[in-house]
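Subject: Structure handover

Hello,

Here is the structure you will be working with. Please open it first, then read the notes below.

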Amino acid sequence: MYKKQKRMQGSVAWQSPSNLAITKYWGKYGVQLPRNPSLSFTLSNAHTRTKMDYKTGQDKDAVNLKFYFEGKENEAFGKRVFLFLNSILDLAPWLRGLELSFASENSFPHSSGIASSASGMSAIALCVCSLGKLFDDRLNDTAYFYKLASNLSRLGSGSASRSVYPYMALWGETDLVHDSSNEHAIPYHDIDPVFKSFHDDILIVSRKEKSVSSTAGHALMDDNIYADKRYEQAEQRLDLLMAALRTGDIPQFGKIAEDEALTLHALMMCSNPSYILMEAESISLIKKIREIRQDTKLPIYFSLDAGPNIHLLYPDEIVDEVKQLEKDVFSQFCVDGLIIEDQVGSGPKPF
Ligand code: DP6
């Protein structure tokens, strides 16, 4: 099954999106295995485009690489990718002995505070799998291809495992979903069409780098006294979320999205050391969103990742009203008025 190739040279390229978890992954064990299942929207506009040039190298045992980000060599990220790729040689043995050169760029602005590890790592994993087709016939099977791409993405960054599928993806084993796995995400289809065109506009509150890396943040859960209850709660909320997605129940969906985002931040605030990753503007925006929802009955909701930016979630049918609100109200709380408009999308594509 595994074909050895002689000297080789070529390139592959993938565009892969970021994603927003509605039920959140926070807490991991072993080799990048999640403590609870998470279910996310695959985004569209926020994505990474990565081209991987490959050729046979001198070093037969390892994979070596250079990493260029937006035209400039990025040694720090290159080192992370080097460690990542050399750690997956059992799963992707075709990488052994290759010399790679990555050229990568993000669609979202520098220092917009948006985490790029999900789109960045999944784009790399997809390139690795495309190259693998030359060596392993199983990769010509679409389901197998994406399963391996998700598995490899996960080893690069947990949330990246969910970026390889269109619309929504579920990562983490749960009795609620047959075929769910801690090792890779699966595509999640049981959703009302209203969620397939849902909007997720990112209100940029700060351009600063995160003050705690996700990996360090996950580790804090190990000593968090609420951890076990939290993992139970995530499973219960997943159950409720799945029902809301199936029936198109937007208010229930929105409630779970907001509860999950605030729980994530509460967990960070009560960990040791404690982190407050929201800014004053994050709180102001949360209050504004709730106030406007109350007054206008518009179905607008928020989520956050492990940072201060606010994800504004709403259905496509109210897009005009929301754009007006963004202009008149929300942009005033954003740095330089910056809002990144995004929407649920159809997943990664080769280019
Ligand atoms: C808050 O996937 O960035 O965005 O696995 O250590 O790379 P590592 O962490 P990462 O954690 C993301 C956490 C989150 C919630 C989520 O995306 O589910």
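Pro273 sits in the loop between helix H6 (250-269) and helix H7 (280-296). Helices here are DSSP runs of H or I with at least four residues, strands are runs of E with at least two, and both are numbered from the N terminus. The peptide bond from Asn272 to Pro273 is cis, with omega near 0°.

This is a predicted model, in which local features need pLDDT of at least 70 and side-chain atom pairs count only at pLDDT 80 or more, while totals for chains, interfaces and linings use all residues. Residues are numbered from 1 along each chain as its sequence is written, and side-chain values use heavy atoms, with hydrogens and water left out.

Two backbone angles come next. Most residues other than glycine have a negative phi, and most peptide bonds are trans. Tyr167 has a positive phi, near 65°, and lies in the loop between helix H3 (142-156) and strand E8 (168-171). Tyr167 counts as partly exposed, at 29% relative accessibility. Here buried means under 20% relative accessible area, exposed means over 50%, and partly exposed is in between (1.4 Å probe, protein chains only).

Asp179 is not a glycine either, and its phi is positive at about 80°. Its place is the loop between E8 and strand E9 (185-187). With a relative accessible area of 53%, Asp179 is exposed.

Of its 351 residues, 55% count as buried. Its C-alpha atoms fill a box of roughly 70 × 45 × 40 Å along the principal axes.

Regards
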